[in-house]
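Colleague: Could we go through some of the helix packing and a few backbone details here?
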Amino acid sequence: MPNELAAPERAASAAEAAVPTVKLLIGGRFVESKTTVWRDVVNPATQQVLARVPYATADEIALAVESAKTAFKTWRATAIGARARIFLKYQQLIREHMKELAAILTAEQGKTLPDAEGDVFRGLEVVEHAASIGNLQLGELANNVAGGVDTYTLLQPIGVCAGITPFNFPAMIPLWMFPMAIACGNTFVLKPSEQDPMVTMRLAELALEAGIPPGVLNVIHGGEDAVNAICDHPDIKAVSFVGSTGVGTHVHHRASLAGKRVQCMMGAKNHGVVLPDAHREQTLNAIAGAAFGAAGQRCMALTTVVLVGAARNWIPDLVAKARTLRVGAGDRPGIDVGPLVSRAAKARVLGLIEQGLAEGATLELDGRSPEVAGDAAGNFVGPTIFSGVKPGMAIYDQEIFGPVLLLAEADTLDDAIAFINANPNGNGTAVFTQSGAAARRFQEEIDVGQVGINVPIPVPVPLFSFSGSRASKLGDLGPYGKQVILFYTQTKTVTQRWFDDDTTTGVNTTISLK
């Protein structure tokens, strides 16, 4: 995922006074920032300025953390059933406001309305999981580990936690983080992407409506300074991050040095392998959706397809399928590919397409000047396909984060596995085949966190933990699922022994149940 901290900062002008401002959430109140540095939130399909988001001051960030620290004293002792009931109410409110949330998300991020609803829904699933916290936050007990001695564990909340989230899933990824942390008894400071914070703030409003007490959830905004403040603050005990490899590496190193728990889900170069026996129409549909959905702005996008053996002949079919996708504003019906999030993102993707041509890849489908339904003022790039792609080319070595599909070739499945394992990233992969033996060999030998079999780059449901390997992840424990319970709690081991004898006389006493 491209570096999100390089966005320019600037002071607000008087002409912008009529544009709504995004608020901070501190101590249960939505407050206007006193900063002098603001950024426009822009509709990427129309270039309309929707709002201005503040870069919170150091004092405001410190106040948010202090609010969370104070709230933790009482929230940690709140009955587990009471916490669970809040998230039962929260998931109900999210369902009731699904259309509204999707519309906000589409306006500020650009993805199609169905894709935006999917963004919200995948976060909703984690909220539902958080409502089951009574079954998840259980310790263990061993009876009579020695004569009359029992040992058991407690999973206790750790304190103030923080989350740093990216622009591409402004609903789902915040909902990966703060519901599980708060359900475990922690308090939370969230820093959403400054590019599209509006849907996140609406989710925060609904969280307060559901009953989350003041100070338990706080939201700040900003860029590099806000990220560093989160990494450095001594009262923040854990940091969860999703974003680019460069920023994630920085966050992991800086926060770890400050003594915090850190989980960083970072960049990707996700590969799919097509064997000649794959079901053709289903596979073509899966590849098109995974490669070009959300304009390729997914950390789980299918960016590279390895065609094995006779599957090399599929290239015309892949191109024909991609040509059927419609490009346009995400709120228009029938649109498959929306705009990129910003002009800078579009310029970067177009630059990489030019590099691909210069380095010798074959441009099978050119999306640089797409036919756009309706308003063409947005940051549109159409589906683009390169064949003959090899390691060493910029389009292969870098995460493009746009609607660009790369095609490579291999003689055998073993060659395809070796090709994928040689890539530094290990976020997600998939194999398309009707051979159970081939699929099993693939899942056993591939060094990648999420594996799909005839499913393109699946994101696990919340019963399981999101994983990732190699350069795609830093930290031992993934977000949501069983792993995140361990991330957001401290395991305390208690060993106890009780005596029947009177403690003062040593005389054995008889226990009476009268």
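Predicted model: local features only at pLDDT ≥ 70, side-chain atom pairs only at ≥ 80, totals over all residues.

Colleague: Which residues meet between α4 and α6?
Modeller: On the α4 side they include D119, R122, L124 and V127, and on the α6 side M172, L175, W176 and P179 are among them. The residues of this contact of α4 with α6 divide into 11 nonpolar, two polar and two charged.

Colleague: Turning to α11, which of its residues are buried?
Modeller: In helix α11 (residues 315-323), the buried residues are I315, L318, V319, K321 and A322. Seen down the axis of α11, they fall within an arc of 160 degrees, so they line one face of the helix. P316 and R323, on the other side of α11, are exposed.

Colleague: What do the buried residues of α11 pack against?
Modeller: They pack against α10 (280-292) and the strands β14 (304-308), β16 (362-365), β18 (384-387) and β19 (404-410).

Colleague: Another topic: what is the phi of A294?
Modeller: Phi of A294 is near 55 degrees, a positive value in a residue other than glycine. A294 is found in the loop between α10 and β14 and, at 7% relative accessibility, counts as buried.

Colleague: And where does N454 lie?
Modeller: N454 is in the loop between β22 (450-453) and β23 (469-470). N454 is not a glycine, yet has a positive phi of about 60 degrees. At 39% relative accessibility, N454 counts as partly exposed.

How values were computed
Residues numbered from 1 in each chain as written. Heavy atoms only, no water. Contact = heavy atoms within 4.5 Å. Helix = DSSP H or I, 4+ residues; strand = E, 2+ residues; numbered from the N terminus. Nonpolar A, V, L, I, M, F, W, Y, C, P; charged D, E, K, R; others polar. Buried < 20%, exposed > 50% of the residue type's maximum accessible area, 1.4 Å probe, protein only. Arc of directions from axis to C-beta.
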